[in-house]
Amino acid sequence: MNKKIARYLLIWLKSTWLYSKPVWNFVSLSDWLLLSVAVLITNSIGFLLSDIWNATFILMNVGCFFGTIVCLMPRHDEPLINAIKGIAFIGLGGVVGILFSGFPLLLAIVITGGLFLTGITYSFSINTFLRYLFCVLAVMATAGLKIGVSTANMFLGLLSFITGMAIVALIFCL
């Protein structure tokens with residue numbers, strides 16, 4: 001048990017530093033500390049929930065990273081609304097990837113259509129472009145992971161990922 005806690009503590013410290021380090025140049029010291037606290041809180045919740053499902057900690061940890069990206073995306077409206085829209089797009093892409101993973105032709109059409117919409121929005125809004133791009137990446141990632149993993153575990157993993165993003169967004173974007 002002590003080795004498990006020590007390993008998680010090392011991951012907490014590394015991810016807190018690595019996820020907040022690029023932000024150091026863009027935000028004030030107080031915002032950087034707030035982001036660091038958000039990552040620590042998210043990883044703590046992931047650690048507590050790792051007894052339910054082993055991958056929860058890792059997925060919430062990766063969700064921290066994407067939550068940081070979503071909060072720092074160029075925005076034309078309130079940061080929290082921007083983060084909620086980004087999380088919704090990634091969640092939608094994940095659900096579509098899970099549901100359509102058994103239908104390769106339909107999945108190819110969804111990915112191609114998503115990339116087409118991504119290309120169209122590039123000239124209009126960089127924020128919308130990034131949201132569509134993250135949505136398409138979520139479709140591809142979840143469809144690729146679906147092989148050999150039960151649908152229930154896929155949805156549990158997506159929920160862990162989105163929870164990690166949401167915690168960072170709620171703490172850091174407010």
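**View 1. Packing of helix α2 against helix α7 in a predicted model.** Helix α2 (residues 29–49) and helix α7 (residues 151–172) pack with their axes 9 Å apart and at an angle of about 150°, where axes are lines fitted to C-alpha atoms over the stretch in contact and angles run from 0 to 180 degrees between N-to-C directions. Because angles over 145 degrees count as roughly antiparallel, α2 and α7 are described as roughly antiparallel to each other. Helices here are DSSP runs (H or I, at least four residues) numbered from the N terminus. In this predicted model, local features need pLDDT of at least 70 and side-chain atom pairs count only at pLDDT 80 or more, while totals for chains, interfaces and linings use all residues. Residues are numbered from 1 along each chain as its sequence is written, and side-chain values use heavy atoms, with hydrogens and water left out.

View 2. T42 is buried, with a relative accessible area of 0% (buried means under 20%, with a 1.4 Å probe and protein chains only). Leaving aside neighbours within four places in sequence, T42 is in contact (heavy atoms within 4.5 Å) with M60, C64, G164, I167 and V168.

**View 3. The largest nonpolar core.** Of the 18 residues in this core, C71, A83, I90, M165, V168 and A169 touch the most other members; a nonpolar core is a set of buried Ala, Val, Leu, Ile, Met, Phe, Trp, Tyr and Cys residues joined through side-chain atoms within 4.5 Å. Helix α7 gives the most to this core, with five residues.

Conventions
Helices (H or I, at least four residues) and strands (E, at least two) are DSSP runs, numbered from the N terminus. Angles under 35 degrees count as roughly parallel, over 145 as roughly antiparallel, 65 to 115 as roughly perpendicular and the rest as oblique. Buried means under 20% relative accessible area, exposed over 50%, partly exposed in between (1.4 Å probe, protein chains only).
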